[in-house]
Amino acid sequence: MTINTDLDTQSIDTERLGLEMYNLIAELYPICRSITGDGVRKSLQIIQNHIPLKIHEVPTDTPVFDWTVPKEWNIRDAYIKDETGKKIVDFQKSNLHVLNYSIPIHKKMPLSELKEHLFSMPDRPDWIPYRTSYYKEMWGFCLTDRTLQSLPDGDYEVYIDSSLEQGSLTYGELFLPGQTTDEVLLCCHSCHPSLCNDNLSGISLVTFLAKHLSQQSLRYSYRFLFMPGTIGSITWLSLNESQVSSIKHGLTVSNVGDSGHLAYKKSRRGNADIDRVVHHILKSSAQEYTISDFSPYGYDERQFCSPGFNLPVGSLTRSQFGTYPEYHTSADNLDFVQIPALGNSFETYLNVIDVLENNQSYLNTNPKCEPQLGKRGLYSTMGGKQTTPDDRMAMLWVLNLSDGEHTLLDIAERADLNFSTIKNAVSNLINSGLLEVCSRSVDKPVPVRSR
Ligand code: ZN
């Protein structure tokens, strides 16, 4: 049996995909999301228009390791009115205006008292900051510093029509069964309100990746998770602890739409296959990139890489967590994410998956001295195409290292050739009978699980 998934990465129209990803971001952008509540449900229902996502509800007060599923927060309206009755801050204009998870309030108060509940960014006077208070019950508003500085003394009416009650934490999950139960995990956070790069770009990329992979025959099984940051992954890990050993490779996905270069943060293990594969793809891409070691700060890789799990999960982004001025502000908007960047991020993820799917060991069927390539028509042409020097070197490396001990990624790294060039050589050598799959390297196919 040969398991040789061809994800056909070359024929992807990345510009069209970038546009589709952008359109989904634009559709989700106005919704006020949080770590719980109807905004998350509505967002996941929109994603269900693209993929058959299963929506899970975990009740408030469910213990999850050292944490507890919080009360559910919902909001309908909020504003601050001045003495003339004019709304100077209006939730309907931007959901970032309300401190996320604010408790309800309706009260008149002087400016001095109100100011204790106002947040702005003096160094960016026209941007609204994004602030939350999930675990301390309080209320507040976020506004531009320009508005804050212009407020005259007087009485203000503050109104937040929200609720913080028993309910549930909502997350979305899609499981695509492959030929083995070994899993690849792709995880994004779904808790941010109107922020495009942080959150929505990841949601959109994971959605379209799931849609694309659902049309392929896959070696690995794939699990896609759309969960609130931190509490979502803690909850998922707590509920699914018994099956996490199936996760063989994983990535957390966010910040994939800005114009910065690609950046990879390694898993805690540092030398997991996913770390090597992403490094190889970035190196082969002829684009600028950075690679950093694991640190226990950032997205949900923090939970997957906690010492009790230590899963091979890294984080592949463009501009990293907290490193760009627009991060967690109203400037992370629909102008900040770029269609070509979204398309390029999608292509990069697909290239990573193509390596994971095809990375296995082969056996040279003619290992005693070099086989005669010329008489098989392999030396100057391959698959009807003229060979390049790289193609010829790839054939020689594959024949030499296909002793059952080396994977194609080992060979690509050692030969300093792109994985796609190595994969192409393998395909031609198999067709010529010079190579066969090493049965030891093939995952045993098992019955598809219903979960
Ligand atoms: Zn964030």
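Of the 451 residues in the protein chain, 57% are buried (under 20% relative accessible area with a 1.4 Å probe, protein chains only; exposed is over 50%, partly exposed in between). The model is predicted: local features need pLDDT of at least 70, side-chain atom pairs count only at pLDDT 80 or more, and totals for chains, interfaces and linings use all residues. Residues are numbered from 1 along each chain as its sequence is written, and side-chain values use heavy atoms, without hydrogens or water.

**View 1. Overall layout of the chain.** Twelve helices and 21 strands make up the secondary structure listed for the protein chain (DSSP runs numbered from the N terminus: helices H or I, at least four residues; strands E, at least two). The C-alpha trace spans about 90 × 40 × 35 Å along its principal axes. Domain 1 covers 9-70 + 169-358, domain 2 covers 72-165 and domain 3 covers 361-441; these bounds come from an automatic or database domain assignment. The C-alpha centres of domain 2 and domain 3 are 64 Å apart.

**View 2. The zinc site.** His192 (NE2), Asp198 (OD) and His328 (NE2) coordinate the zinc ion at 2.0 Å. Donors are N, O and S atoms within 2.8 Å of the metal (3.2 Å for Na, K and Ca); water is not among the atoms, so sites may look incomplete. The donor spacing along the chain is H-x5-D-x129-H. Histidine 192 sits in the loop between strand S11 (183-189) and helix H5 (196-213), and histidine 328 in the loop between strand S16 (313-317) and helix H9 (339-358), 136 residues apart. Histidine 192 is buried, at 8% relative accessible area. Histidine 328 is partly exposed, at 22%.

**View 3. The largest nonpolar core.** This core has 77 residues; Leu213, Tyr222, Phe224 and Phe226 have the most contacts inside it. A nonpolar core is a set of buried Ala, Val, Leu, Ile, Met, Phe, Trp, Tyr and Cys residues joined through side-chain atoms within 4.5 Å. H5 gives the most to the core, with nine residues. Domain 1 and domain 3 each supply at least three residues. Leucine 213 touches Leu7, Leu176, Leu218, Tyr222, Phe224, Leu350 and Ile353, not counting residues up to four places away in sequence; contact means heavy atoms within 4.5 Å.

**View 4. Helix H12.** The 13 residues of H12 (residues 419-431) should span 18 Å at 1.5 Å a residue, and the end C-alpha atoms are 18 Å apart, which agrees. The expected span is 1.5 Å times one less than the number of residues. Buried residues of H12 include Phe419, Ile422, Val426 and Leu429. Just after H12, glycine 433 takes a positive phi of about 80°.
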